[in-house]
Amino acid sequence: MIFAIDAGNTHILLGCLEGESLLFTARVHTDRAKTADEYALIFRNLCDLHQIDRGQVEGAVLSCVVSELTSSLCRAVEIVIHHKPLVVGAGIKTGLNIKIDDPGQLGADLVVGAVAATEKYPKPMIVFDMGTASTMSVIDRQGRFLGGAILAGLRLSVDSLSAGTSQLPRIQLSAPPKVVCSNTVECMQSGALYGHAAMLDGLIDRVEAELGEPMASVIATGGLAATVLPLCRRGISLEEDLMLDGLRIIYEKNRP
């Protein structure tokens, strides 16, 4: 049994896995001000809530894009299960053939998502991760990570629109019944949701044109993927636990 932790800019996703079986998942807010002891208390309480025997947890694996939190999260895990977590980063075996200009610049979250996707789906492929930022990763037929794109996430885009204008309110991210709307809130929802869906469809078209072949798989994960995918015209598979699967695979590749 292991802990898998994916720490993003907005949320920290925690999962407990036994082999390929996911025993529980939990999502908590990322708080840069919290100490290791505070995170340890959260992790311990989640284990107790889901009736996990912490003494049976043999290890942990951590992916963190918030560099100032890495040491606190590592210490929190060590307090809870008495094992230091494996941190996804330089020197870790992933099996991923990275072909970008500087492989050291590739975010741990993109590595983890690509590892899981290439294990589960045929190539070539696109992986979208829709969180604070929306990212696109492209893996070719030979399994090479070619690169991708980074853009403002859906919630970040909408909040910036509201903050930067005097009359546009903060809105709920729910799709209106049609694209052409007749009031301010629904117009904003239409632009955000249908606009983001059209963007994903358009990126797929452009990647296929650039690579000269259709994608065998297009996968999406992240907290906002389930909101957008039903509005897309291209077929995109929703994988809500993709990051936890990738962390498990990386842990197994680096098992002592």
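A residue counts as buried when its relative accessible area is under 20%. In this predicted model, Cys 232 sits at 13% relative accessibility, so that cutoff makes Cys 232 buried. Cys 74 comes out at 17% relative accessibility and therefore counts as buried too.

Searching the whole structure for disulfides turns up zero. Cys 74 takes part in no disulfide, and the nearest cysteine sulfur, which belongs to Cys 64, lies 8.1 Å away. For Cys 232, the closest cysteine sulfur is that of Cys 181, and a bond is ruled out because the separation is 17 Å. For reference, a disulfide calls for a pair of cysteine sulfur atoms within 2.5 Å.

Turning to the helices, H4 covers residues 154-163 and H5 covers residues 184-211. Their axes come within 11 Å of each other and cross at roughly 150°. Angles over 145 degrees count as roughly antiparallel, so H4 and H5 are roughly antiparallel to each other. As for handedness, the crossing of H4 and H5 is right-handed.

The residues that meet across this pair can be listed helix by helix. H4 brings Leu 154, Val 158, Leu 161 and Ser 162 to the contact, while H5 supplies Met 188, Ala 192, Leu 193 and His 196. Sorted by class, the contact of H4 with H5 has six nonpolar residues and two polar ones, with no charged residues.

Technical notes: Residues are numbered from 1 along each chain as its sequence is written. This is a predicted model: local features need pLDDT of at least 70, side-chain atom pairs count only at pLDDT 80 or more; totals for chains, interfaces and linings use all residues. Side-chain values use heavy atoms; hydrogens and water are left out. Axes are lines fitted to C-alpha atoms, for helices over the stretch in contact, and angles run from 0 to 180 degrees between N-to-C directions. Helices (H or I, at least four residues) and strands (E, at least two) are DSSP runs, numbered from the N terminus. Angles under 35 degrees count as roughly parallel, over 145 as roughly antiparallel, 65 to 115 as roughly perpendicular and the rest as oblique. A crossing is left-handed if the near helix is turned anticlockwise from the far one by less than a right angle, and right-handed if clockwise. Contact means heavy atoms within 4.5 Å. Ala, Val, Leu, Ile, Met, Phe, Trp, Tyr, Cys and Pro count as nonpolar, Asp, Glu, Lys and Arg as charged, and the others, Gly among them, as polar. Buried means under 20% relative accessible area, exposed over 50%, partly exposed in between (1.4 Å probe, protein chains only).
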